[in-house]
Amino acid sequence: MSGFVFGEKPIGIESGEGVHLYGEDGTEYLDFGASYACAPVGHCHPDVVSAVEEQASDLLFVQGSYPTETRAALYDRLAGLAPGDCSNVWLCNSGTEANEAALKFARHATGREKVVAAKRAFHGRTLGALAATWKPKYREGFAVPENVEFVDYGDSEALAEAVDEETAAVLLEPVQGEGGVNPAPEGYLAAAREACDDAGAALVFDEIQTGLGRTGSLWACENAGVEPDVLTVAKGLASGLPIGATLCAGWIAEDAGNHGSTFSGGPVPCAAALATLDVIEDEGLAGHASEVGAHFQSELADLPVRDVRGEGLLVGVEVKRGANRALPSLAMEHGILALPAGRTVVRFLPPLTVSEGDVETVASALEAVL
Ligand SMILES: *Cc1c(COP(=O)(O)O)cnc(C)c1O
């Protein structure tokens, strides 16, 4: 039996190790999608697996209002890693929930309602985050709230014009992921910072896809030297166990309003997150992502495609005949898994542990299928 919401692919997966996934018949796949960036340190990293095993045998779960050492350690860890003043941590279970919380907190702290987001943005599928998600196909028929104004991504003037005294938050991805792998143009994030400062609005960076070292720095906003008021992270934070975090500046946290979640800060995902962050830091994976990502883009540069773009190991290739042709051939003929980003872009989000040899393999396979 298969589920009714998701389409499923004809590729059963039974196990994973490092940059590879394996089917039940032993077929090996080189995983350049990492299940939507959920395997930053590779599949089944031994440190993450043993942290989960140890925590699971001590305590599977306790509600968030009882302090635990594991949760306190993750609060401290994220506070220490957060950009700027974003050291107040809310833990939840997914990316969309991290963004829901960000929007609720920003609205409460500012006493305003309006949100400014970008065309092609993806922020999640629950109603609040969906209201800031651009794609009409995702929104149709769901009575999505209409308090979000969309502006062209990358247009600093349009953004400055949209942000006013009614604006609670500007919500942006530092590199748009699902919307086509669109890096912010030079100066755009700084212009967003300025517009928010002028209007007294909160600048929220959705780093759910770009965070954790993928773009060459721990957070993509560091590449632009811009600090947000709120930063959201999820996806690979606990190596695929459900977790999300909303990191808030003091002025947001002080007046964030009432919020909660049964599973907030459960011990097992927190243990997995701590181990994942250890590996990212100990193995210098942000720097590695920057180097290998640059090599990947240079290997892709001569392909007969419309565009190659991205930051670090978030790389998009805009293809002429559509991503829906290239992706099945990559998987079936070359054992390489990747993701689409819209109709025309093939998106690569591999584990940050991939080697130069791996990216060369993928570049030549893509050349062959094109
Ligand atoms: C995946 C993603 C989300 C949503 O995360 P979920 O865990 O699927 O709810 C939000 N924002 C960005 C940028 C994402 O890539």
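Q: What makes helix H1 the element in which Ser35 is found?
A: Ser35 is found in helix H1, residues 34-37, and a helix is a DSSP run of H or I of at least four residues, a strand one of E of at least two, numbered from the N terminus. The model is a predicted one, in which local features need pLDDT of at least 70, side-chain atom pairs count only at pLDDT 80 or more, and totals for chains, interfaces and linings use all residues. Residues are numbered from 1 along each chain as its sequence is written, and side-chain values use heavy atoms, with hydrogens and water left out.

Q: Why is Ser35 called partly exposed?
A: The relative accessible area of Ser35 is 43%. Buried means under 20%, exposed over 50%, and partly exposed in between, with a 1.4 Å probe and protein chains only; Ser35 is therefore partly exposed.

Q: Why is Cys44 called exposed?
A: Cys44 has a relative accessibility of 51%, so it counts as exposed. Cys44 is found in the loop between H1 and helix H2 (46-58).

Q: What makes the phi angles of Ser35 and Cys44 worth noting?
A: Most residues other than glycine have a negative phi. Ser35 has a positive phi of about 45°, and phi of Cys44 is near 50°, also a positive value.

Q: What makes Lys235 part of the surroundings of the ligand?
A: Lys235 is among the residues that surround the ligand, as are Phe122, His123 and Asp206; the criterion is a heavy atom within 4 Å. The unreviewed UniProt entry annotates Lys235 as "modified residue: N6-(pyridoxal phosphate)lysine", and such annotations may be inferred rather than shown by experiment.

Q: Why is Lys235 called partly exposed?
A: Its relative accessible area is 24%, so Lys235 is partly exposed. Lys235 lies in the loop between strand E11 (230-233) and strand E12 (244-248). Beyond its neighbours within four places in sequence, the contacts of Lys235 include Tyr36, Cys38 and Ile208, contact meaning heavy atoms within 4.5 Å.
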